[in-house]
Amino acid sequence: MHAGTPSHAAAELTLALLLASWRQIPGQVNSVRSGNWQAGVGRTLRGRRLGRYGYGRIAGVVAGYANAIGMDVQWWGPEEGCAQARADGRRVAKSGQAFFATSDIVSLHVRLTPATRGIVTGADLAAMADRALLVNTSRAGLIEPGALESEVRRGRVLVATDVFEQEPLPDPTHALLSQPNVLPTPHIGYVTEDEFELQFRGTFEQVNAFGWRDPVHMANPEALDR
């Protein structure tokens, strides 16, 4: 039985990127495959502060995972989400600058709209502590154009991203693909066998129902009368 939802699939990828980057998993794997042994030293997550930028379903699922492994969670984002977080008794940062400055890991979970495009600025990224981690499994457009690439080239912070301004991104010299402090994945937030089975099963059911002249999930059922 399918037990997950798209929100859980995206949240799981966020957690996977967070863990892989923080514990240096790709580098350790490459080292072993090259005939070597341990390469560098990762860091533990327990006791670290996770900053959730956004207060939607995916952010909530990730926060639950974070709490389960002993992380401290704080929130920030658009005012409506912050207000709801406060009403729910969550810890909300005093300001955006304080949020970025005091989060060991920042993960973005905001929908991309005209109002949220570029909502994370270069100044926000510059406020992050050295060796802090930014995880983006939402949309690349949430970050001010060029700001992330500029920060990555400085080599000061870590980045794990599943989304890019151009997709696919064919240039291997691009900063988000070539810099060692970046862990990139090819927009696979919802790409799982379970999600494909769920989505395609529903599509096939609708096609078959239409063929049987008994359509389901119609947006305009009044059209049947015509």
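## Helices, strands and the model

Helices (H or I, at least four residues) and strands (E, at least two) are DSSP runs, and their numbers start from the N terminus.

The structure is a predicted model, where local features need pLDDT of at least 70, side-chain atom pairs count only at pLDDT 80 or more, and totals for chains, interfaces and linings use all residues. Residues are numbered from 1 along each chain as its sequence is written, and side-chain values use heavy atoms, with hydrogens and water left out.

## The protein as a whole

Let's step back for the overall picture. Taken along the principal axes, the C-alpha atoms fill a box of roughly 65 × 50 × 35 Å. The protein has 226 residues, and 38% of them count as buried. Buried means under 20% relative accessible area, exposed means over 50%, and partly exposed lies in between (1.4 Å probe, protein chains only). The protein exposes about 13200 Å², with carbon and sulfur atoms supplying 54% of that area. Such areas come from the Shrake-Rupley method with a 1.4 Å probe, and for residues only the protein chains shown count as cover.

A contact means heavy atoms within 4.5 Å. Among the contacts with a separation of 6 or more, 63% are between residues 24 or more positions apart. As for charge, the protein has 22 positive and 23 negative side chains, and the centres of the two sets lie 8 Å apart. Here Lys and Arg count as positive and Asp and Glu as negative, while His and the chain ends are not counted. Each charge is placed at NZ of Lys, CZ of Arg, CG of Asp or CD of Glu.

## Pocket and cavity

Rolling a probe the size of a water molecule over the atoms shows where empty space is left. On a 1 Å grid over the protein atoms alone, a cavity is a set of points where a 1.4 Å probe fits but cannot get out, and a pocket is an open set with protein on both sides within 12 Å along at least five of seven lines; lining residues have an atom within 4 Å of a point. Grid points are joined across faces, edges and corners, and a volume is the space filled by probe spheres set on the points.

The largest pocket has a volume of about 640 Å³. Its lining has 23 residues, and those nearest the centre are Gly-56, Ile-58, His-109, Val-110 and Arg-111. Helices α1 (6-22), α3 (57-68) and α4 (79-87) each give at least two residues to this lining. A search of the whole structure also finds one cavity of 30 Å³ or more. The largest cavity holds about 100 Å³ of space. It is lined by 13 residues, and Ala-140, Leu-148, Glu-149, Glu-165 and Leu-176 are the closest to its centre.

## Helix α7 and its surroundings

Which residues of helix α7 (residues 147-154) are buried? They are Ala-147, Leu-148, Glu-149, Glu-151 and Val-152. These buried residues pack against α6, β4 (133-136), β5, α8 and β6. After α7 comes Gly-155, with a positive phi near 75 degrees.

Now return to Thr-121, which is partly exposed because its relative accessibility is 26%. Leaving aside residues up to four places away in sequence, Thr-121 touches Glu-144 and Ala-147. Thr-121 and Glu-151 are 30 residues apart along the chain, and their C-alpha atoms are separated by 11 Å.

Ser-21 is in helix α1. It has a relative accessible area of 13%, so it is buried. Not counting residues up to four places away in sequence, Ser-21 touches Leu-133, Leu-158, Ala-160 and Leu-183. Pro-114 lies in the loop between β3 and α6 and is exposed, at 81% relative accessibility. Pro-114 and Val-61 are 53 residues apart in sequence, and their C-alpha atoms are 25 Å apart in space.

Finally, look at some backbone angles. The peptide bond from Glu-167 to Pro-168 is cis, with omega near -5 degrees, and Pro-168 is in the loop between β5 (158-161) and α8 (175-178). His-187 is not a glycine, yet has a positive phi of about 50 degrees; its place is the loop between β6 (182-184) and α9 (193-211). Arg-213, in the segment after α9, also has a positive phi, near 60 degrees.
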